[in-house]
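Subject: Structure handover

Hello,

Below is the structure you were expecting. My notes on it follow.

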Amino acid sequence: MNRPNDLRVRLFADGADLGGIRKLADNPLIAGFTTNPTLMRKAGVTDYEGFSREVLSIAAPRSVSLEVFADELAEIERQAEQIAGWGDNVYVKIPVTTTSGESTGSVVSRLSARGIKVNVTALMTTTQVAQVCAALDPKTPAFVSVFAGRIADTGRDPLPIMRESVEILKTRPRAELIWASPRELLNIVHAEQVGCHIITATNDLLAKLPIWGKDLDVFSLETVKMFRSDALAAGYRLAAPAATPKP
């Protein structure tokens, strides 16, 4: 098993906690950062622009993907242009459709043609990947985020979809595929195996990196000790069986 720093796939931190972002900015394994309105709301962010500019400053020169929150194509485009102006390391996250299911491909095409770096997000099918790929300007860097974890949540194997997505994007060499919403460290291995360029990870998942490649016998013994320790700490007792009376 390769060590994390020997992998080709790059690791992006996904979150909205400024303290965690500052800490991860010092980690050489972290190649970029992503966030979204849901994560920002959970973290209590109320000043979207102020928070975003602070993250861009902390993360620089690494990329930060910041998402629009409009739902009408013209306003999505306006917000994207505004957010792109906040720093050279911005990738503007554009949902693959509006909430009514209308494709944002035309907006992506215009933004990409103007040299704005986009991160098209919430994709789950290879048809969507092909449509987004066709909209991207070959000269402009871009990310394409396929939510492999959510695909797996439906009982489907995301590996064939991710593998095919890698092949589709080969016609746009400046576009990189992101394995989004991973559920476990093994997904980093999966992303590496299919040739995915990037995988995102939340703080909870990143906290598991120290056990990468851990000796399984050692891990087994530590688990046994954990169960024993917790049972003792909880004060669990079983009453001794009553003595069987002699005949």
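What separates arginine 78 and glutamate 75 in helix α4? The two are three residues apart in α4 (residues 73-84), so about one helical turn lies between them. Helices here are DSSP runs of H or I with at least four residues, strands are runs of E with at least two, and both are numbered from the N terminus.

Before the rest, the basis of these notes. The model is predicted, so local features are reported only at pLDDT of at least 70 and side-chain atom pairs only at pLDDT 80 or more, while totals for chains, interfaces and linings use all residues. Residues are numbered from 1 along each chain as its sequence is written, and side-chain values use heavy atoms, with hydrogens and water left out.

Salt bridges

Side chains of opposite charge can pair when their charged atoms come close. A salt bridge here is a side-chain nitrogen of Lys or Arg within 4 Å of a carboxyl oxygen of Asp or Glu. The model has 13 salt bridges by this rule.

Arginine 78 and glutamate 75 form one of them, with their closest N and O atoms 2.8 Å apart. For exposure, buried means under 20% relative accessible area, exposed means over 50%, and partly exposed is in between (1.4 Å probe, protein chains only). Arginine 78 is partly exposed at 41%, and glutamate 75 is also partly exposed, at 28%.

Lysine 93 pairs with glutamate 67, the closest N and O atoms being 3.9 Å apart. Lysine 93 is buried, with a relative accessibility of 5%, and glutamate 67 is buried at 13%.

Arginine 8 forms a salt bridge with glutamate 192, with 3.7 Å between the closest N and O atoms. This pair links distant parts of the chain, 184 residues apart: arginine 8 is in the segment before β1, and glutamate 192 is in helix α9 (residues 186-194). Arginine 8 counts as exposed because its relative accessibility is 65%, whereas glutamate 192 is buried at 10%.

There is also a network of salt bridges that links Glu77, Glu81, Arg110 and Arg114.

Cavities

How many cavities of 30 Å³ or more are there? The count is two. A cavity is a set of points, on a 1 Å grid over the protein atoms alone, where a 1.4 Å probe fits but cannot get out; lining residues have an atom within 4 Å of a point. Grid points are joined across faces, edges and corners, and the volume is the space filled by probe spheres set on the points.

The largest cavity holds about 50 Å³. Its lining consists of Ala13, Asp14, Gly15, Asp17, Gly20, Ile21, Leu24, Phe33 and Asn203. By class, the lining of the largest cavity has four nonpolar, three polar and two charged residues. In this scheme Ala, Val, Leu, Ile, Met, Phe, Trp, Tyr, Cys and Pro are nonpolar, Asp, Glu, Lys and Arg are charged, and the others, Gly among them, are polar.

The second largest cavity has a volume of about 30 Å³. Ala13, Gly15, Ile21, Phe33, Thr34, Thr35, Val55 and Val64 line this cavity. Five of these residues are nonpolar, three are polar and none is charged.

Backbone

Most residues other than glycine have a negative phi, and most peptide bonds are trans.

- The peptide bond from alanine 60 to proline 61 is cis, with omega near 10 degrees; proline 61 is in the loop between α3 (48-59) and β3.
- Alanine 122, in strand β5 (residues 118-123), has a positive phi of about 75 degrees and is partly exposed at 36% relative accessibility.
- Serine 181, in the loop between β7 (175-179) and α9, has a positive phi near 55 degrees and is buried at 13% relative accessibility.

Helix α8

Which residues of helix α8 (residues 159-168) are buried? They are Leu159, Ile161, Met162, Ser165, Val166 and Ile168. The elements that cover them include α6 (126-135), β6 (142-146), α7 (148-153), β7 and α9, where contact means heavy atoms within 4.5 Å.

Regards

Definitions and conventions:
On a 1 Å grid over the protein atoms alone, a cavity is a set of points where a 1.4 Å probe fits but cannot get out, and a pocket is an open set with protein on both sides within 12 Å along at least five of seven lines; lining residues have an atom within 4 Å of a point.
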